[in-house]
Amino acid sequence: MTPTPPPTIPTEDRIWQLLEEVADPEVPVLSILDLGIVRGVRVADGEVHVTITPTYSGCPAMGVIATEIRLRLLAEGITRLHIHNQLSPAWTTAWMTAAGKQKLEAYGIAPPKDVTGHVLNLFGQDEAIRCPHCQSANTRLVSQFGSTACKALYQCDDCLEPFDYFKCH
Amino acid sequence: MQDTHTILLPEVTPEVRQQLFDYVLQLADTSLILAHRLSEWCGHGPILEQDLAMANISLDLLGEARSYYQYAAELEGQGRTEDDLAYLRSAVQYRNPLLVEQPNGDFAHTIVRQFLYDAFHYHLLVQLQTGPDRQLAAIAEKSVKEAAYHVKWSAEWVIRLGDGTDESRRRVETAINALWRYQGELTTPTPTEQALQAVGFVPGYAAIQQQIDQHVARVFEEATLAVPQGVFAQKGGKTGRHSEHLGYLLTELQYMQRAYPGMKW
């Protein structure tokens, strides 16, 4: 009988590469790294620790994301994995990568604008958002709440298409 | 290996810890009950976009409630889980203020209830963010941006209904008259809250009430609505004395866990 080989102890860089392949279940065009959900990766004493943070408090995708991380790493023989859910610092769309924003727009969802902090401006104007279909700026907010917690509903007044906007947070 | 939630426990005396448990449970119950009320609109909203908005706000509040219940379970340290706390307590053990258990009524009632709560919720979270309890601060930091979207939404609807048609105005005024009496309880501290205010864990409510008053005054002015004056504040929910409505709500909310204990999806 040949002895079972010792479990692989991957490098942190390798873990990051693998996590790049885990898609967000609600916006599958984005990886969880594009979204900025993964806050840390640590390998210590042969165990892997991945720290994730929710986009929204009630985001129903968090359980699925944790499972997908587990499955992806398991496929590489990584069994000794701890996933930590962390609330603070709170997730913000400022953590979304530039590549992620491009992928969103190509997918038909207007990406979040770079401005941060204005979310707490309670009496501000609605944001001017560019239509991801025809690039027109002649758009209007239909509702701040859309098909998922992270999106608002807009309509383009030029091409008349409704579209989702990944709202600033 | 289980997924874990990073929870930061404060170093406090057992007495303060018990008070914090009670207070965190009050925050949890408040979010859960309002989330449940909003969820009752799901599929019944006046138009699709507003149906979605209420479901979204409900989900945010449910997420916030879970964070509080998880923290409360940890503070208690008796092995109870977030589900035990949410599903296996009776109405008199719930600590939510009366406002959030009030029935949905018509859309105007739901909007007024939401706006009165959102204005309080937002200004409370802003304060909790910088408080000495690091776990409450983390939850508040997470939820405050969501609460900002909520209060913008409900304020816009108060304005639209108040400054809208004769019928929308009549309805929103009826709702204000019915619900205003429950606003005062939000910032009237219970003995537990007073004790925690004395050690800095709960922010002072006078400053928050002032911010709420300014917020409400600004929105009501734009809505051409009058701010009621000198209304008696009906209290009780935060100390377990609830209206009849809560029992019916919990019967539905807790049904599955009561009928099939330990049931999981």
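Tutor: Two residues are in contact if their C-beta atoms, placed from the backbone, lie within 7 Å. This is a predicted model, in which local features need pLDDT of at least 70, side-chain atom pairs count only at pLDDT 80 or more, and totals for chains, interfaces and linings use all residues. Residues are numbered from 1 along each chain as its sequence is written, while chains are lettered from A and ligands numbered from 1 in the order in which they are written.

Student: How many residues of chain B are in contact with chain A?

Tutor: The count is taken on each side of the interface. Chain A puts in 25 residues, and the residues of chain B in contact with them number 27.

Student: Which element gives the most to the side of chain A that touches chain B?

Tutor: Strands here are DSSP runs of E, at least two residues long, numbered from the N terminus. On that side, β3 (81-85) and β5 (139-143) of chain A each supply at least two residues. The top contributor, with five residues, is β3(A).

Student: What is the bridge partner of A:His84 in β1(B)?

Tutor: Strands pair if DSSP finds at least two bridges between them. Two bridges join β3(A) to β1 (residues 4-5) of chain B, and the strands run parallel. In β1(B), A:His84 is bridged to B:Thr4.

Key:
Helix = DSSP H or I, 4+ residues; strand = E, 2+ residues; numbered from the N terminus.
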